[in-house]
Amino acid sequence: MDVVRVALLGIVGVLTGLLVKSGKQEYGILLGIAVSVLIFSHAGAYLGQMKEAVSAFGNRLSGSGEYLGILFKVVGITWLSEFCAGLCRDAGFSSIAAQVELFGKTAVLLAGMPVFLSLVETIAGFMS
């Protein structure tokens, strides 16, 4: 039922934005940002439920807590940077959107560094 509600919110937001954009373009952009934030908050609620389910599964596996934390951090960074970049593009600031995406990619690389270091240590252990 939430999916239908979010889809209708998106459709109503787009149609209202198109109507408002013909008069004052700034209001259309602000309306688009507001609708995007509402939809993103619904997605965030689902991400919280997903985190609880995966964490319950991860508790059954030994030593996976650190990797699950990294996974959720990377997914959060990706979603947030894509969301912000999309808002910047919709507002007409594509150069800022590109910089937000670049920062998001760099943050994902940095967040995944412990996994890479663990892999290097494992390979080094096999070689010696």
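Is Phe40 buried, exposed or partly exposed, and what is its relative accessible area? I looked it up: Phe40 is partly exposed, with a relative accessible area of 27%. For the terms, I noted that buried means under 20% relative accessible area, exposed over 50%, and partly exposed in between (1.4 Å probe, protein chains only).

**Ground rules.** I am working on a predicted model, where local features need pLDDT of at least 70 and side-chain atom pairs count only at pLDDT 80 or more, while totals for chains, interfaces and linings use all residues. Residues are numbered from 1 along each chain as its sequence is written, and side-chain values use heavy atoms, with hydrogens and water left out.

**Aromatic rings.** I looked for rings of Phe, Tyr and Trp (its six-membered ring) with centres within 6.5 Å; planes under 30 degrees apart count as stacked, over 60 as edge-to-face and the rest as tilted. The count is 1 aromatic pair. Phe40 and Phe83 make up this stacked pair, at 4.3 Å centre to centre with 20° between the planes. The pair links distant parts of the chain, 43 residues apart: Phe40 sits in helix α2 (residues 25-60) and Phe83 in helix α3 (residues 65-90). Helices here are DSSP runs (H or I, at least four residues), numbered from the N terminus. I also checked Phe83, which counts as buried at 18% relative accessibility.

**Cysteines.** Cys84 is partly exposed at 31% relative accessible area, whereas Cys88 is buried at 18%.

Key:
Helix = DSSP H or I, 4+ residues; strand = E, 2+ residues; numbered from the N terminus.
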